[in-house]
Amino acid sequence: SSSLDQIAEDRVMTEESELFAAEPGGASAAYTNVRAADHQPLIDAKAHCEELWADFKPLADRQFLDRFPFEFHQRWFEMYTAAALKRAGFEVHSADAGPDIQTSIDGRRVWIECVCATGGEPGRPDSVPERVVTKLGDPPVVTRVPHEKVVLRLRNSLREKADKYTTYLKNGVVKPDDLLVVSLNVHAIPHAWPDMEDFMMRSLYGVGNIVIRMSRDTGEVLGTDREHVASISKASGAEVGVLPFIDGSMGHITGVLGSRADAANRPARLGDDFDFFPNLTADQPWPGGIIKLGEEWIFEEADGEWTGKQASYLRDNPDSEK
């Protein structure tokens, strides 16, 4: 509490902006670096945060500014998600009690809980190891991408927010016919952001590794497919299901809005990094094509099988599907 008191005092004593007024002990390295902003990428990141704050300030809870130095990426992502929706024409609301963001579409309430997944505590068995980065001129290093560890981290974040929504439903904060969305940022998980789509598919729909079919006689490649995976094991031996958007285990969650951006690495148009993944067994199915930012997966069921295609709402290709 003393640190928070010091933040409040610093904010009164300085002419710095509200977001970066204080420099408390224990602040995140990202906050400290952006606040100092001693070269162009960080100067741009700081200006970007200020622009987001102009949109988000009326929505911020009472603890937002106090927590911002310590939870820079998470709090930035709340601002980013809200501002992206607001600039896309949605009316956005927030309150101290309840999910982070509320909007409405065709008269239906849509709630959004924001979460930034991490690689976990370093050194723990299920944590994701940092990527090996070599210096310019050094020989390349080949490493194995720890797919299952990344999936476990994503499932951990999704379960955290699914449980929170369960509490909100029990307390009547959200209603059974509302659309409940988790906005999940993967940037802080090593290895995850370049392949966010693949890791989401592994975490939500049980999509596994690529399988190549070959002719025993000629060696000819006959085709490729993906493994079907129902669960993966933690280091403790506990099984974690990776089919929550197929097996009905998270029916109250309508979908996941994935993002790979951070304050210094984001698209020119807010939200163009978004990728929406609908829950195929949701109690309240997602009506596709309503948040036209980034990309969105659309699935159709026929003969007991789901077929998916990706709709693109990117600025330079607003109506295409691939």
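Biologist: Which residues are linked in a network of salt bridges?

Modeller: A salt bridge is a side-chain nitrogen of Lys or Arg within 4 Å of a carboxyl oxygen of Asp or Glu. Here Asp61, Arg67, Glu71, Arg75 and Glu78 are linked in such a network. A caution on the source: this is a predicted model, where local features need pLDDT of at least 70 and side-chain atom pairs count only at pLDDT 80 or more, while totals for chains, interfaces and linings use all residues. Residues are numbered from 1 along each chain as its sequence is written, and side-chain values use heavy atoms, with hydrogens and water left out.

Biologist: How far apart are the closest N and O atoms of Arg75 and Glu78?

Modeller: They are 4.0 Å apart in the salt bridge. Both residues lie in helix 5, three residues apart, about one turn of the helix. Helices (H or I, at least four residues) and strands (E, at least two) are DSSP runs, numbered from the N terminus.

Biologist: Are Arg75 and Glu78 buried or exposed?

Modeller: Both are buried. Buried means under 20% relative accessible area, exposed over 50%, partly exposed in between (1.4 Å probe, protein chains only).

Biologist: How many residues has helix 5, and what is its reach?

Modeller: Helix 5 (residues 72–87) has 16 residues and reaches 22 Å from its first C-alpha to its last. That is close to the 22 Å expected at 1.5 Å a residue. The expected span is 1.5 Å times one less than the number of residues. Gly89 follows helix 5, with a positive phi near 105°.

Biologist: How many salt bridges does the structure hold?

Modeller: It holds 14. One joins the side chains of Lys57 and Glu18, at 2.9 Å from N to O. Lys57 lies in the loop between helix 3 and helix 4 (64–67), and Glu18 in the loop between helix 1 (2–13) and helix 2 (29–36), so the pair ties together parts 39 residues apart in sequence. Lys57 is partly exposed at 43% relative accessibility. Glu18 is partly exposed too, at 31%.

Biologist: What does Asp55 touch?

Modeller: Contact means heavy atoms within 4.5 Å. Leaving out residues up to four places away in sequence, Asp55 touches Ala83, Lys86 and Arg87. Asp55 sits in helix 3 (residues 40–56). It is buried, with a relative accessible area of 17%.

Biologist: How many aromatic pairs are there?

Modeller: There are 16. Rings of Phe, Tyr and Trp (its six-membered ring) pair if their centres lie within 6.5 Å; planes under 30 degrees apart count as stacked, over 60 as edge-to-face and the rest as tilted. Phe64 and Phe68 are stacked, at 5.9 Å centre to centre and 25° between the planes. Both are buried.

Biologist: What sits over the ring of Phe20?

Modeller: The charged end of Lys46, 5.5 Å from the ring centre. The test is NZ of Lys or CZ of Arg within 6 Å of the ring centre and within 35 degrees of the ring normal.

Biologist: In which sense do strand 4 and strand 5 pair?

Modeller: Strands pair if DSSP finds at least two bridges between them. Strand 4 (residues 207–214) and strand 5 (residues 221–228) are antiparallel, over six bridges. Val211 stands opposite Asp225 in strand 5. The two strands form a hairpin with six residues between them. In the turn, Gly219 has a positive phi of about 80°.
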